[in-house]
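Keep the model open beside you as you read.

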Amino acid sequence: MDVDNKPSDAGVELTEAENELYDRQIRLWGLESQKRLRTANILISGLNGLGAEITKNIILSGVNLVKLHDDKLLTEEDFCSQFLAARESLGSNRAEASLTRARALNPMVDISADTEPLKQKTAEFFRQFDVVVINGESNEELLRIDGICRESGVKFYATDVWGMFGFYFASLKQHSYVEDTFKYKLISKPNEKKKFETVATPVQRDVEYPAYSAWIDFDLNAASYQRKLKRDGPGIILLRVLQTFRNKHQRDPSYKSRDTDIALLQAIRDEIAPNSTLSNDALGLLFAQISPAVAIVGGVVAQEVIKVVTKMEAPHRNLFLFNPETCMGYVETVGVN
């Protein structure tokens with residue numbers, strides 16, 4: 001169900017316990033926004049460290065339902081940043097191992113786990129949700145799910161973290177939101193010193209977001225993009241290198257084969273972006289998921305999901321990158337005319 005077209009939340013009333021629990025949030029973004037959150041159903045696929053961080057923030061916001069999806073088992077590597085799964089859960093399913101601590105975060109949210117492989121999920125499954133967040137998948141699978149979500153009016157986020165580098169891409173199709181415009185109003189009387197007050201007027205905006213395929217088709221070596229690439233850094237090249245590595249080797253770079261994998265990453269970099277400023281040092285920062293990067297990228301993804309559900313403020317448009325060398329995040333506009 002499309003968040004923009006879902007039935008009105010006007011009939012939804014928060015219980016006394018919900019008003020007390022979400023009091024600070026209601027004062028921050030308003031009662032109507034909290035009511036929208038109260039009816040939202042969210043899918044989070046990939047319960048590694050990044051998935052755990054997104055899950056925590058979404059659950060605490062007070063949504064209706066969160067489905068945790070993963071068919072992978074917990075490994076030692078996960079414990080670099082996966083805080084929802086207990087240490088004794090090593091070797092068990094990541095989604096199921098995250099349930100107990102996830103539910104303890106907010107008992108008012110309906111939280112469940114799904115362990116069926118993502119590739120077996122049909123359109124009917126994804127249509128249950130208002131927002132779908134997919135973490136740790138191949139571009140082929142991301143394209144498939146994004147296509148289903150766009151046909152079904154479901155908001156879609158693709159995201160990932162490798163070591164200290166991370167990204168997300170927002171495919172929201174047409175998204176409506178409200179933002180305040182500010183004007184100064186003269187409030188003083190004639191013959192008095194002029195006094196002004198700031199008046200906020202809510203205005204609805206409608207923005208079109210391209211599909212995930214816009215990133216797949218993006219030409220890194222286009223002459224028109226080179227000036228921006230020099231200004232923002234090679235993060236977008238690094239994303240293409242990592243996704244090419246995953247597609248080619250059917251895995252991510254591993255600390256167990258660090259030297260070999262750095263050489264493979266260098267070869268991919270030199271092939272797809274010759275003479276780029278992407279350094280060998282940056283390629284050494286891509287192993288496991290490091291907690292600070294997970295906290296930042298996961299926090300931004302959750303924040304953007306909350307924006308989309310509440311329809312307050314403009315979501316980023318449309319590719320967010322976290323640079324491992326500068327430890328700064330920035331937004332690229334991809335596939336927008």
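## Aromatic pairs

Rings of Phe, Tyr and Trp (its six-membered ring) pair if their centres lie within 6.5 Å; planes under 30 degrees apart count as stacked, over 60 as edge-to-face and the rest as tilted. This is a predicted model, in which local features need pLDDT of at least 70 and side-chain atom pairs count only at pLDDT 80 or more, while totals for chains, interfaces and linings use all residues. Residues are numbered from 1 along each chain as its sequence is written, and side-chain values use heavy atoms, leaving out hydrogens and water.

The structure holds nine aromatic pairs. One of them joins Trp215 and Phe218, which are stacked at 6.3 Å centre to centre with 25° between the planes. Trp215 is buried at 0% relative accessible area (buried means under 20%, exposed over 50%, partly exposed in between, with a 1.4 Å probe and protein chains only). Phe218 is buried too, at 17%. Elsewhere, ring pairs link Phe125, Phe126 and Phe129 into a cluster.

## Charges over rings

Here a charge sits over a ring if NZ of Lys or CZ of Arg is within 6 Å of the ring centre and within 35 degrees of the ring normal. The charged end of Lys121 lies over the ring of Phe125, 4.3 Å from its centre. Arg317 does likewise over Tyr209, at 5.7 Å.

## What Ile58 touches

With contact meaning heavy atoms within 4.5 Å, Ile58 touches Ile42, Ile44, Val63, Val66, Ala302, Val305 and Ile306, leaving aside residues up to four places away in sequence.
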